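Trainee: I would like to learn how to read a predicted model. Please take me through one.

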Amino acid sequence: MKPASIQATVGSRDYSVKERSEQPSSVAAIVHSWITTVDHKRLGIMYLMFAMLFLGIGGVEAMLIRLQLAKPDSHLVGPETFNRLFTLHGTTMIFLAAMPFVFGFGNFLIPLMIGARDLAFPRLNAFGFWLTVFGGLLLYYSLIGGEGMAGAGSAPDVGWFAYSPLTARAFSKGHSTDYWILGVMVGGFGSIATAINLITSILCLRCPGMTLMKMPLLAWLYLVVSGMVLLAIGPLTAAQIMLLLDRYLGSHFFDVQAGGSAVLWMHFFWIFGHPEVYVLVLPAFAFASEIIPVFSRKAIFGYPAMVAATVAIGFVGLSVWAHHMFAVGMSAISNTFFAISTMMVAVPTGIKIFNWIGTMWGGRIRYATPMLFSLAFLIQFLIAGLTGIMLSAAPFDWQLTDSYFVVAHFHYVIVGAIVFMIFAAVYYWYPKATGRMLDERLGRWHFILFLVGFHLTFDTMHLPGVLGMPRRIYAYGAERGWGTLNLICTVGAVVQGAATLIFVLNVVRSLRTGVIAGNDPWDAWTLEWSTSSPPPEYNFSTVPKVKSRRPLWDLKHPDDPDSHYE
């Protein structure tokens, strides 16, 4: 495109964006341009690359945990190392892999889908990303600094939940726990910055004609997610500050012997911890709500109900945290309240599942790789929800709390729902980000192997939990009868690892050899597919105007626009 600038006018307001005439040529210039960028697309891609790195690191930690538990009386790693492994694994997967995946897709997609040229605060966006990076580096610096500065410990060993009194200086010597506190806290500040940016952008930067009820469902879900981030991270940060005061300034917030309360920490942590589950799973719902209609060749069924269910999940999800604490001795009234609120969240979630099924019903379904992962997600999340309802009954939970049944349920949500939909989203939007298609044959191998490995591991993992195997133990005796089941779980983990390597190979190889995608390879309907692949720095040469929830359908079918039916 020859002109030096591109003009777009909406109403009386002019937008002028200078087009880059020269791209950086040297490696140093390219690296510098990425490090200093405030472009939402580049920041989104860097979020995703950061998340992939730590997904790999967390996966290696998980593999070591599973290898240790593959047979009875194993001594592959010692108990101290095992404690550090599951602490780093949980913290890494939640704070350094899943959250960056969520914000990476949000950064890349939200401005494109609402017809904006960037997020509302580009510099704040970059600041939030680099805070997240710094938080991750702080956490893993504990491998060096935790031991070097105090002569004890080399990584946090208090669990990703950091229950008191494990975090007291008497039980956590050195500075490894301090690195956990500061790393998670700094990353939390980055999440808050990005959440503020997304809320402001969605509410204020929508293109002409895009009312709230004409937004893509992905934008609605990210609006609710960002609101939950603002409400959930504050209590965790406050508790971490209190913990630092306990450790270094002599306060006793969580010191039971001095009149504090260990249960107080649990409340603070889970007020963050369970809404965090919805912060992670609602973006998975968002991806499904965009992918399933396109590959079913039907508009989403029941859009208003989907919006209402999303908002309901946001509200109800903030009131369920203490179902993690049924075994700590709360009152009968508290147990009843949290059991009922936990069961209630299944209602709006069930609405979403029925609407996705309704979208597929009667459609011309195309079984491309994004749709395969989405179909697996629907079945697996349904199973995860059913085991969640089982655990919401306090008497049932008392029998299985802190067992491997709970670990299997949690991973059914995190892996079976969230990770599967992250893979689906990568296969779906990779052509838009890079201009090239991922290899469909490798994608199907990735899907088949990951599906088989997932069910080998996490279907089987429910059984040792029912048989009484506690979580967070590093060894068990052969007489307990858990050996074969744990071996099957480990084999499944190896298969999942192999499938993930195929995925990484596909992503890297397709950058050079993938089929040219074009602007709209899926024949989709939302605004991001109306611009080039990859999009230009300014996103749209002319700020788009929309009249329905499927603006590209209206453009492709002017004789039958959606606006007549909404």
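Mentor: We will go through confidence, a helix pair, the core and some backbone features.

Mentor: This is a predicted model, in which local features need pLDDT of at least 70 and side-chain atom pairs count only at pLDDT 80 or more, while totals for chains, interfaces and linings use all residues. Residues are numbered from 1 along each chain as its sequence is written, and side-chain values use heavy atoms, with hydrogens and water left out.

Trainee: What average pLDDT does the protein have?

Mentor: pLDDT is the predictor's confidence in each residue, from 0 to 100. The protein averages 92, and 94% of the residues score at least 70. Over residues 1–21 pLDDT stays under 50. For that stretch the model has 36 contacts beyond four places in sequence, a contact being heavy atoms within 4.5 Å.

Trainee: At what angle do helix α3 and helix α13 pack?

Mentor: Helices are DSSP runs (H or I, at least four residues), numbered from the N terminus. Axes are lines fitted to C-alpha atoms over the stretch in contact, and angles run from 0 to 180 degrees between N-to-C directions. Here α3 (residues 79–114) and α13 (residues 404–434) pack at about 35°, with axes 11 Å apart. Among the residues that meet are F101, F105 and F108 in α3, and F410, I414 and W429 in α13.

Trainee: Which residues have the most contacts inside the largest nonpolar core?

Mentor: A nonpolar core is a set of buried Ala, Val, Leu, Ile, Met, Phe, Trp, Tyr and Cys residues joined through side-chain atoms within 4.5 Å. Buried means under 20% relative accessible area, exposed over 50%, and partly exposed in between (1.4 Å probe, protein chains only). The largest core has 167 residues, and F105 and W356 have the most contacts inside it. Leaving out residues up to four places away in sequence, W356 touches F285, A288, S289, I292, I300, M306, F377 and L378.

Trainee: What is phi at R297, and what is phi at D523?

Mentor: R297 has phi near 60°, a positive value in a residue other than glycine, and phi of D523 is near 55°, also positive. R297 counts as partly exposed because its relative accessible area is 24%. D523 lies in the loop between α15 and α16 and is partly exposed at 35% relative accessibility.

Technical notes
Helices (H or I, at least four residues) and strands (E, at least two) are DSSP runs, numbered from the N terminus.
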